[in-house]
Amino acid sequence: MKASKKIFSVLTIVLAVAALVMFFMPFGKVILTDGTVVERVGAEFAFGSDYNGVDVGKSSDILFCMILTAFTVLFAALSLKFKGTKWATLGFSIVDAVYMLVIACSHSNKFLDVQGLV
């Protein structure tokens with residue numbers, strides 16, 4: 001029983017770290033008003049970025065997912081040592097997974113703040 005708990009804890013950590021790494025891979029493209037196509041990673045959408053001085057948008061929804069994923073990694077790592085963090089890990093990972101699923105099943109441009117881009 002203890003071995004299976006350890007295996008699932010390590011698996012949770014590995015999958016949460018993999019999800020966190022996905023925020024640093026190409027996520028989407030932004031087409032500027034002059035027709036320039038700019039490819040951005042998830043972290044750039046989360047924290048905002050610019051291209052030659054032009055703001056290319058940011059998303060508080062993607063930032064929220066990134067923060068939840070980081071908390072999942074943290075609590076999953078702590079759950080190996082402390083038993084009380086097991087429920088926090090489960091809670092953060094479920095909320096994160098459901099929220100990411102909503103974003104993945106919706107149009108991603110719906111979650112970008114394009115104010116100031118037009």
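**Exercise 1. State how many residues the protein chain has and what share of them counts as buried.**

Solution. The protein chain has 118 residues, of which 27% count as buried. Buried means under 20% relative accessible area, with a 1.4 Å probe and protein chains only. The model is predicted: local features need pLDDT of at least 70, side-chain atom pairs count only at pLDDT 80 or more, and totals for chains, interfaces and linings use all residues. Residues are numbered from 1 along each chain as its sequence is written, and side-chain values use heavy atoms, without hydrogens and water.

**Exercise 2. Give the order of helices and strands along the protein chain.**

Solution. Start with the count: four helices and four strands. Both are DSSP runs numbered from the N terminus, helices being H or I with at least four residues and strands E with at least two. Along the sequence the pattern is α-β-β-α-β-β-α-α.

**Exercise 3. Describe the place and surroundings of Thr89.**

Solution. Step one: Thr89 is in helix α4 (residues 86-105). Step two: Thr89 has a relative accessible area of 7%, so it is buried. Step three: leaving out residues up to four places away in sequence, Thr89 touches Thr12, Thr72, Phe75, Ala76 and Ser79; a contact means heavy atoms within 4.5 Å. Step four: a polar atom of the Thr89 side chain lies 3.3 Å from the backbone nitrogen of Ala76.

Definitions and conventions:
Buried means under 20% relative accessible area, exposed over 50%, partly exposed in between (1.4 Å probe, protein chains only). A polar contact is a pair of N or O atoms within 3.5 Å; within protein, one must be able to donate a hydrogen and the other to accept it, and residues adjacent in sequence count only if both atoms are side-chain atoms.
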